[in-house]
Number of protein chains: 2
Amino acid sequence: MIKIAIDCLGGDKSPNANIEGTVNALKNHDDLFAVLFGDEKVIREKLSGFDYPAERVSIIHAPDEVNGNDKPINAVRLKKDSSMIRAIKELRENEEISALVSSGASGVLVGAAIARIGRIEGVRRPAFCPILPTMDGSIVGICDSGANIDCTPEQLRQYAVMASAYISCVYGIDSPKVALLNVGVEEEKGDELRKEAYKLLKEEKSINFVGNMESRDLLSGKYNLVVCDAFAGNVLIKSTEGACLEMLKKLKKDIMSSWINKLGALLMRKMFKQEKEFMNYQNYGGSVLLGLEKTIVKGHGSSGARAFEKCIDQAYTMIDKNLNEKIASALN
Amino acid sequence: MIKIAIDCLGGDKSPNANIEGTVNALKNHDDLFAVLFGDEKVIREKLSGFDYPAERVSIIHAPDEVNGNDKPINAVRLKKDSSMIRAIKELRENEEISALVSSGASGVLVGAAIARIGRIEGVRRPAFCPILPTMDGSIVGICDSGANIDCTPEQLRQYAVMASAYISCVYGIDSPKVALLNVGVEEEKGDELRKEAYKLLKEEKSINFVGNMESRDLLSGKYNLVVCDAFAGNVLIKSTEGACLEMLKKLKKDIMSSWINKLGALLMRKMFKQEKEFMNYQNYGGSVLLGLEKTIVKGHGSSGARAFEKCIDQAYTMIDKNLNEKIASALN
């Protein structure tokens with residue numbers, strides 16, 4: 001049995017989306033057991049509306065909610081009855097539980113999990129790895145994108161090893177193409193951190209390192225994994241998402257400004273719907289925190305039931321395929 | 001008379017676009033004098049095809065060309081007869097020349113200009129400031145975006161002061177909204193560099209500091225200037241451009257994939273043309289190197305005649321409005 005802790009609070013569509021997503025994930029996997037954290041009464045009430053395998057569900061009452069303004073250290077100390085912090089405690093203490101899926105506040109989840117859960121042997125610092133779709137229909141991971149702003153060349157090497165194993169395991173990509181985010185593609189580009197990291201990555205045998213990458217090529221499909229410090233990773237992913245969203249917004253506004261555009265868009269509505277679907281992060285699973293002994297998957301704050309279900313599937317796959325053991329053996 | 005050095009080589013459409021752009025800029029300003037650098041014979045031949053004020057043009061023969069693979073230090077030493085390096089020498093030695101406009105290799109131009117041209121009093125490090133259009137029809141500058149990967153809080157403060165004066169002077173925006181690029185909008189976000197810079201920017205009276213910015217809001221129109229180190233600036237601008245271009249490419253491909261989409265796009269062709277024009281960096285002028293005693297404007301490598309003309313207009317405006325004096329008085 002694979003036991004996964006589910007944080008039912010924290011997301012924009014919590015607890016409904018989280019509970020519905022859990023019920024669907026339970027249907028996908030016969031050996032999945034879900035431990036739900038949140039307001040027990042509310043959870044029981046919502047669950048009663050579904051046909052679900054009650055023998056594979058338990059509930060731990062933790063009705064408080066962390067939010068984006070909480071600092072991780074304060075949340076751990078002061079919000080012990082919040083669904084997220086209580087779930088992390090259970091994850092730490094209960095050997096049977098292998099993973100936590102949450103759509104709550106990113107910063108608190110990452111900070112509290114790093115503080116409370118042990119690391120895989122040899123891991124210097126855990127790293128956060130979100131996934132974006134590429135224009136050729138594949139995916140690209142960005143690691144680190146949220147855990148460590150200051151980092152060393154050795155950490156960048158470890159991110160490459162961990163995230164490479166993750167992408168191969170969850171997305172079925174054999175030897176993912178790994179690039180180092182830099183200001184130019186030539187080997188000698190960048191600051192000392194990048195120059196040193198380039199050398200380490202080039203020598204690392206467990207990955208398929210293809211060289212430096214410029215940020216403009218993120219969505220091109222040339223790479224499956226970009227390795228960077230968390231500041232650059234944050235800038236990279238948010239500016240890419242932001243530019244795509246702003247462009248779609250502008251297109252929409254311009255379409256609405258004339259009847260001939262509206263008519264054209266009407267003809268192309270199927271295509272525009274596909275574009276929107278393509279841009280929908282909910283189709284690509286959650287972001288994972290790599291390097292801890294337990295699996296942590298963070299769904300987007302606005303995750304609906306389907307997105308949340310995908311995050312649980314993702315956590316299930318990571319455990320089922322022994323990702324952490326693979327990471328440990330690649331690192332040591 | 002305002003004398004500007006023109007690098008006729010280095011761009012994809014050089015020397016034709018550069019020469020035609022210069023002729024047009026000479027028509028825009030009666031007191032503009034252009035000193036053209038390149039192959040004298042070729043320049044004379046091209047010029048003879050235009051009706052232009054010959055008394056306001058001189059040519060310095062420098063037929064070599066620098067390229068993207070040259071390192072600045074090598075170019076300065078070994079490519080003395082290249083149009084760019086010869087122009088920088090003239091800019092340094094000839095007091096009458098106030099500016100240089102080039103569409104040649106960015107790295108060489110920035111590196112060689114910093115090495116050879118004196119700084120404005122008080123400037124720690126010059127900084128590179130490209131401009132992007134925002135979705136509400138305004139502009140946003142990104143400074144630094146190419147000169148200094150390692151920087152201090154004081155440098156970030158100086159970038160804000162210099163680029164704020166520049167945007168106000170050239171784009172006519174009164175008290176541009178200045179933001180610090182960070183991983184979140186809250187004051188306490190980021191590493192030590194960002195935390196210290198935030199304090200300095202908040203205290204700086206010559207600018208309109210509005211706080212931290214997340215990269216996803218770059219094109220939103222909420223900000224006119226983003227202050228950052230050159231690594232983050234490079235990631236920010238290239239990922240934004242890359243995402244927009246990749247999206248347009250995908251739209252185009254999807255349009256071509258079905259006749260009904262083609263028909264819809266035919267109806268919307270005027271709108272798509274406008275979107276493309278909106279995305280065309282050539283409409284927003286070149287990038288400037290701020291902090292040197294002489295004005296340096298870098299046009300995009302693929303600048304056509306109109307884009308190159310705009311870069312000369314931009315350099316003219318910076319000199320005409322005494323930008324460097326304004327920067328000196330704001331800094332000291």
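Colleague: Which residues in α8(B) meet which residues in α9(B)?

Modeller: Asp254(B), Ile255(B) and Met256(B) in α8(B) meet Asn261(B), Lys262(B) and Ala265(B) in α9(B), where two residues are in contact if their C-beta atoms, placed from the backbone, lie within 7 Å. The residues of this contact divide into three nonpolar, one polar and two charged, with Ala, Val, Leu, Ile, Met, Phe, Trp, Tyr, Cys and Pro counted as nonpolar, Asp, Glu, Lys and Arg as charged, and the others, Gly among them, as polar. Please keep in mind that this is a predicted model, in which local features need pLDDT of at least 70 and side-chain atom pairs count only at pLDDT 80 or more, while totals for chains, interfaces and linings use all residues. Residues are numbered from 1 along each chain as its sequence is written, and chains are lettered from A and ligands numbered from 1 in the order in which they are written.

Colleague: At what angle do the axes of α8(B) and α9(B) cross?

Modeller: Two packed helices are described by the angle between their axes and the distance between the axes. For α8 (residues 230-256) and α9 (residues 259-267) of chain B, the axes come within 6 Å and cross at roughly 120 degrees; axes are lines fitted to C-alpha atoms, for helices over the stretch in contact, and angles run from 0 to 180 degrees between N-to-C directions. Helices (H or I, at least four residues) and strands (E, at least two) are DSSP runs, numbered from the N terminus. α8(B) and α9(B) are therefore oblique to each other, given that angles under 35 degrees count as roughly parallel, over 145 as roughly antiparallel, 65 to 115 as roughly perpendicular and the rest as oblique.

Colleague: How do α1 and α11 of chain A cross, and is the crossing left-handed or right-handed?

Modeller: Helix α1 (residues 16-28) and helix α11 (residues 305-320) of chain A have axes that come within 7 Å and cross at roughly 50 degrees, which makes α1(A) oblique to α11(A). Their crossing is right-handed; a crossing is left-handed if the near helix is turned anticlockwise from the far one by less than a right angle, and right-handed if clockwise. Residues of α1(A), including Ala17(A), Gly21(A) and Ala25(A), meet Ala305(A), Phe308(A), Glu309(A), Ile312(A) and Asp313(A) in α11(A), and the residues of this contact divide into five nonpolar, five polar and three charged.

Colleague: What is the order of the seven strands in the open sheet of chain A?

Modeller: The order is β3-β2-β1-β4-β12-β11-β5, with mixed pairing, and two strands pair if DSSP finds at least two bridges between them. At the edges stand β3 (57-61) and β5 (127-129) of chain A, each of which pairs on one side only. Neighbouring strands of this sheet are turned against each other by 25 degrees on average, direction ignored. Within the sheet, β1 (residues 2-7) and β2 (residues 32-38) of chain A run parallel and are joined by six bridges, and Lys3(A) has Phe33(A) as its bridge partner in β2(A).

Colleague: Which strands form the open sheet of five strands in chain A?

Modeller: These five strands are ordered β6-β7-β10-β8-β9, and the pairing is mixed. β6 (131-133) and β9 (208-213) of chain A stand at the edges with a single partner strand each, so one side of each is left without a neighbour in the sheet. β8 (residues 177-181) of chain A runs parallel to β9(A) and is joined to it by five bridges, and the partner of Val178(A) in β9(A) is Phe209(A). Helix α6(A) packs on the sheet, touching β7 (139-143), β8 and β10 (225-227) of chain A, and its direction makes about 165 degrees with that of β10(A).

Colleague: At what angle do α6 and α12 of chain A pack?

Modeller: Helix α6 (residues 153-171) and helix α12 (residues 323-331) of chain A pack at about 145 degrees, with their axes 10 Å apart, and their crossing is right-handed. Among the residues that meet are Val161(A), Met162(A) and Ala165(A) in α6(A) and Leu323(A), Ile327(A) and Leu331(A) in α12(A); by class, the contact has nine nonpolar, one polar and one charged residues.

Colleague: Which domains does the assignment give for chain A?

Modeller: It gives domain 1 (1-123 + 291-332) and domain 2 (128-283), the bounds coming from an automatic or database domain assignment. The C-alpha centres of the two domains of chain A lie 25 Å apart, and their contact takes 19 residues from domain 1 and 13 residues from domain 2.

Colleague: How many residues does each chain give to the contact of chain A with chain B?

Modeller: The contact takes 41 residues from chain A and 41 residues from chain B. On the side of chain A that touches chain B, α8(A) gives the most, with 18 residues, and by class that side has 20 nonpolar, nine polar and 12 charged residues.
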